[in-house]
Amino acid sequence: MDINCGSFLIRHTKSAIKKGKIQEEDINHALFNLFSVQLRLGFFDEANKNQWFTQLGPNNVCTQEHRELAAEAVRQGTVLLKNDNNFLPLKRSEVGHIAVIGPAANDPYILGGDYTGVPCDSTTTFVKGMQAYIPQTTFASGCKDVPCNTTDGFGEAIEVSKRADIVILIAGLNLTEETEDHDRVSLLLPGRQMDLIHIIASVTKKPLILVLMGGGPVDVSFAKHDPHIASILWIGYPGEVGGHVLPEILFGKYNPGGKLPITWYPESFTSVPMNDMNMRANASRGYPGRTYRFYTGDVVYGFGYGLSYSKYSYNILLAPKKISLSHSSVPDLISRKPAYTRRDGLDYVQVEDIASCEALQFPVHISVSNDGVMDGSHAVLLFARSKPNFPGSPVKQLVGFESVHTAAGTTTNVEITIDPCKIMSSANPEGRRVLFLGTHVLMVGDEEYELLIEV
């Protein structure tokens with residue numbers, strides 16, 4: 001290799017030369033490649049207006065535009081997982097005293113996650129951000145730190161929670177639980193965090209709001225089904241502006257519309273061997289598969305899940321009912337003769353035999369209705385599956401998505417272009433991409449639309 005992201009080459013190259021494992025010419029060859037790329041990028045050219053990066057300086061760091069972009073990333077990325085009886089958004093006029101519980105609630109360093117740069121200003125914690133909305137905001141850590149191995153702070157947290165109108169508990173993960181070179185061995189909340197949540201939820205005047213931090217899934221099945229916990233939000237690692245954005249979401253200045261980018265598995269998934277890389281489920285050996293495309297077990301929350309303060313409904317307005325490969329506008333679209341292959345009673349076309357995949361692309365027109373009382377933005381996710389499910393084919397797979405803003409009580413139309421060769425095909429046992437003939441189903445929300453692919 002020509003470059004190493006780390007210290008390995010610094011520590012071992014001299015020794016390798018002495019032992020004759022590499023030659024000086026090898027180093028020169030690597031340097032030649034590296035400097036060639038830098039020359040092509042213009043690293044050694046004089047600054048000019050055609051190379052925008054040479055114009056950057058301190059004035060381009062921490063601009064108001066960048067800070068607003070960081071805040072918008074938190075707004076769009078926060079996922080509302082639970083909101084019983086529309087408990088959120090809160091009304092400021094009805095909240096006089098808020099309690100914020102959890103060691104992460106008043107710790108500015110925990111917000112950045114891994115590989116975080118120096119904040120522009122002093123980072124606003126969740127407690128400070130909440131105080132800007134509700135001056136009477138009190139804090140208790142409950143646990144002395146995120147690992148939460150003792151109950152020493154539980155008593156104070158209980159007393160603070162009893163006095164508040166609304167209680168927000170910040171739980172989840174930090175870099176003591178997950179970093180590069182440090183894996184979790186459990187999907188449950190660390191230490192005694194679950195106990196803290198149970199105890200606080202049992203003493204509050206109103207149901208609890210649970211905010212989860214961290215970069216990976218957490219099995220919070222207990223909270224999902226607990227009536228004393230009204231709402232759950234996943235905010236990830238929100239960075240230096242996270243303290244400002246959380247109250248915006250809780251009090252309805254921003255309507256959350258984020259979707260989970262990963263499946264949240266239950267704790268039982270940790271029994272699946274980590275080195276078993278098979279994607280597809282295998283019932284004969286009790287293997288549930290991996291990822292939303294093939295996993296057949298129970299989930300805490302699935303890929304693409306996310307609620308909103310609004311209720312959206314979908315309707316597929318326009319899409320083809322049939323795609324006929326032999327009647328394409330491209331002559332001899334299928335180079336192979338015969339045009340399709342039959343195996344185990346299934347008919348399919350090999351993607352590599354399709355002369356023009358572009359000719360098969362088609363648009364799907366979807367109407368998005370906001371049936372709620374708040375304007376909102378969210379990602380429209382379009383999935384597809386084959387009908388019936390062919391052996392080895394995905395349970396479903398994402399074939400397109402589009403972010404859309406829809407005002408309350410109105411409908412917005414969105415168009416998503418589908419490329420069957422790329423995103424409706426599957427890999428056969430030999431690893432070749434194949435497009436199954438027969439009925440396929442497009443799915444968005446609760447809406448389903450059948451599409452026939454034939455030769």
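Helices (H or I, at least four residues) and strands (E, at least two) are DSSP runs, numbered from the N terminus. The model is predicted: local features need pLDDT of at least 70, side-chain atom pairs count only at pLDDT 80 or more, and totals for chains, interfaces and linings use all residues. Residues are numbered from 1 along each chain as its sequence is written, and side-chain values use heavy atoms, with hydrogens and water left out.

**Exercise 1.** Characterise the secondary structure of residues 378–448.

**Exercise 2.** Identify the residues with the most contacts inside the largest nonpolar core.

*Solution.* A nonpolar core is a set of buried (under 20% relative accessible area, 1.4 Å probe, protein chains only) Ala, Val, Leu, Ile, Met, Phe, Trp, Tyr and Cys residues joined through side-chain atoms within 4.5 Å. The largest has 37 residues, and Leu 88, Ile 98, Ile 168, Ile 170, Ile 209, Leu 250 and Phe 251 have the most contacts inside it. Elements that each supply at least two of its residues include β4 (166–172) and α8 (242–250). Taking Phe 251, its contacts (heavy atoms within 4.5 Å) include Pro 89, Ile 98 and Met 130.

**Exercise 3.** Determine where Phe 44 is found.

*Solution.* Phe 44 is found in the loop between α2 (24–41) and α3. Its relative accessible area is 48%, so Phe 44 is partly exposed, a class lying between 20% and 50%.

How values were computed
Lists of a residue's contacts leave out its neighbours within four places in sequence.
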